[in-house]
Amino acid sequence: MASDWEYTYAVARIRVLETKLLTDADVNTMVGAKDAKTVITYLKDKGWGDVGVGDDPEEILSIEEKKIWDTMHEMHVDFSVFDVLSFPDIYHNLKAAIKDVCLSGDHIGAYISHDKYGRDEMLRIVRDKDYSALPEHMRAVVPEAYDAMLHTRDGQLCDIMVDRACLDAIEAAGQKSDAKVIRDYAESCVAVTNIKIAVRAAKTGKSLDFLQKALSPCKSFDVRQMAQAANAGIDSLMEFLPQAGFAEAQEALKDSPSAFERWCDNAQIRAVKPMKYEVCSVGPLVAYVIARQNEIKTARIIITCKENNLPEDAIRERTREMYV
Amino acid sequence: MSELGMFFGLLGAAVAVLFAGAGSALGVGIAGRAAAGVVTEDPNKFAQVLILQLLPGTQGIYGLLVGFITLSKIGLLGGGNVAISLPTGLMILAACLPIGIVGLISGKSQGQCSAASIGIVAKRPDQFGKAMLFPAMVETYAILALLISILAVSNIPV
């Protein structure tokens with residue numbers, strides 16, 4: 001990893017780019033807009049999309065996603081620091097490829113676009129059993145998940161095996177990293193995802209064995225206790241959350257499922273917010289990428305809600321907290 | 001013995017110029033990278049970030065000043081032959097150490113501080129005055145070292 005002062009140029013560029021990020025006031029304006037078209041116009045006025053691009057929201061949002069990585073490429077920084085951010089996407093593609101290969105399906109829309117491990121490459125790897133082409137942290141889980149899917153046809157079992165491997169990989173990457181931002185992001189990501197899994201499992205009455213397989217150990221709380229609490233029911237889990245230091249999650253759960261989803265995303269943005277004051281580390285770059293992805297996700301939520309004529313309050317409940 | 005005295009006197013001038021200059025080079029380099037980052041995205045801030053980049057450059061000038069005074073003191077400037085005893089030469093070397101060492105450390109630190117202040121200007125250009133003050137605080141210690149070096153070199157009897 002480069003010396004922290006090697007990031008001086010990149011961090012200074014990020015400071016200027018941060019001034020162009022959407023603020024909570026921008027989100028409020030978009031939520032109050034009369035329809036999806038007005039939101040798109042607002043975003044285009046803010047510089048979203050590109051010259052000659054129409055009003056297709058997906059095209060505008062994919063251009064914005066591409067802009068994030070183009071900017072990072074221009075800064076000539078070590079790209080391996082961003083690997084951990086792509087783990088959820090590549091593990092997701094792995095799940096989709098295992099299911100497609102085992103069930104002879106072809107669900108093009110189920111894949112997330114990725115430079116290296118997109119749909120075609122992931123399908124080839126799983127079909128040819130060329131697991132050496134995968135990152136090391138993925139190799140062990142593929143044959144297990146593939147066999148489980150092939151023999152049981154249980155998509156949920158395959159999902160929890162791959163998701164658990166993903167969480168373990170994120171946790172390991174965080175512990176291995178020298179960058180505080182990666183450690184904080186990994187810890188927050190694993191803790192929040194564990195809570196999400198426990199909430200869903202508690203609501204659907206999953207077994208203790210399922211919970212123990214699905215939850216990944218993390219520093220924030222004892223997952224065995226969480227598994228037992230979730231197994232005892234949602235009320236027991238709600239009692240456990242404040243004891244584990246996640247009182248806000250309990251409050252959000254009481255409000256509504258969408259408020260809880262909002263809390264989950266906000267928790268990760270809050271984990272990287274201190275990077276706004278870092279002068280010379282990779283932290284502000286990673287935080288900027290997370291912040292941009294967060295605002296793209298928020299824009300997508302608002303546009304979709306507007307297209308479906310949801311009331312303002314319902315949209316506001318779903319919008320995420322902004323980084324700046 | 002007088003040649004050895006002259007050597008240490010000259011070494012003092014070299015220490016002042018070399019270390020203080022190196023500190024400035026490091027500091028201006030660090031601040032320069034930050035300034036380049038800001039100008040890449042917003043060329044309108046060129047003047048403001050240039051001033052912040054130049055702040056760590058003063059240590060090199062202070063070192064040069066002490067170097068000139070020292071060379072003049074030991075007679076290498078102006079052509080006059082001055083006999084420098086070994087104790088005098090060592091005293092001149094000691095007198096040059098403050099600006100050399102403090103110049104090196106403060107130059108680099110001021111560069112880092114300037115880089116942080118360039119971050120302020122990047123986000124809040126209206127706070128340029130306040131942003132200037134932070135690296136200027138570091139300058140205080142370079143000036144203190146400069147004063148002591150000048151007073152010491154000037155008052156060593158030759």
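Reader: Where in chain A does A:His76 lie?

Author: A:His76 sits in the loop between helix H4 (57-74) and helix H5 (83-102) of chain A. Helices here are DSSP runs of H or I with at least four residues, and strands are runs of E with at least two, numbered from the N terminus. This is a predicted model, in which local features need pLDDT of at least 70 and side-chain atom pairs count only at pLDDT 80 or more, while totals for chains, interfaces and linings use all residues. Residues are numbered from 1 along each chain as its sequence is written, chains are lettered from A and ligands numbered from 1 in the order in which they are written, and side-chain values use heavy atoms, with hydrogens and water left out.

Reader: Is A:His76 buried or exposed?

Author: Buried means under 20% relative accessible area, exposed means over 50%, and partly exposed is in between (1.4 Å probe, protein chains only). A:His76 has a relative accessible area of 72%, so it is exposed. A:Asn309 is exposed because its value is 67%.

Reader: And A:Gln268, buried or exposed?

Author: A:Gln268 counts as buried because its relative accessibility is 16%. A:Gln268 belongs to helix H15 (residues 257-272) of chain A. Leaving out residues up to four places away in sequence, A:Gln268 touches A:Tyr185, A:Ser188, A:Cys189 and A:Val192. Such contacts are heavy atoms within 4.5 Å.

Reader: How many helices and strands does chain A have?

Author: Chain A has 17 helices and zero strands. Of its 324 residues, 52% are buried. Among contacts between residues at least 6 apart in sequence, 64% join residues at least 24 apart.

Reader: Which radius of gyration does chain A have?

Author: The radius of gyration is taken over C-alpha atoms, and the globule rule is 2.2 Å times the number of residues to the power 0.38. For 324 residues a compact globule would have a value near 20 Å; chain A has 20 Å, so the two agree. Along the principal axes, the C-alpha atoms of chain A fill a box of roughly 50 × 45 × 40 Å.

Reader: Is B:Gly12 buried or exposed?

Author: B:Gly12 is buried, because its relative accessibility is 0%. B:Gly12 lies in helix H1 (residues 2-41) of chain B. Neighbours within four places in sequence aside, B:Gly12 is in contact with B:Leu93 and B:Cys96.

Reader: Where is B:Pro56?

Author: B:Pro56 is in the loop between helix H2 (46-54) and helix H3 (58-73) of chain B. Although B:Pro56 is in a loop, it counts as buried, because its relative accessibility is 0%. Residues touched by B:Pro56, not counting those up to four places away in sequence, include B:Ser24, B:Gly27, B:Val28 and B:Gly107. B:Pro56 and B:Ala35 are 21 residues apart in sequence and 13 Å apart in space, C-alpha to C-alpha.

Reader: How many residues does each chain give to the contact?

Author: Chain B supplies 15 residues and chain A supplies 13 residues. Buried area is the accessible area (1.4 Å probe) that two parts lose on being put together, summed over both. Between chain B and chain A this area is about 1300 Å², with 68% from carbon and sulfur atoms. On the chain B side, B:Arg33, B:Glu41 and B:Lys123 lose the most area to chain A, together 47% of what that side buries.
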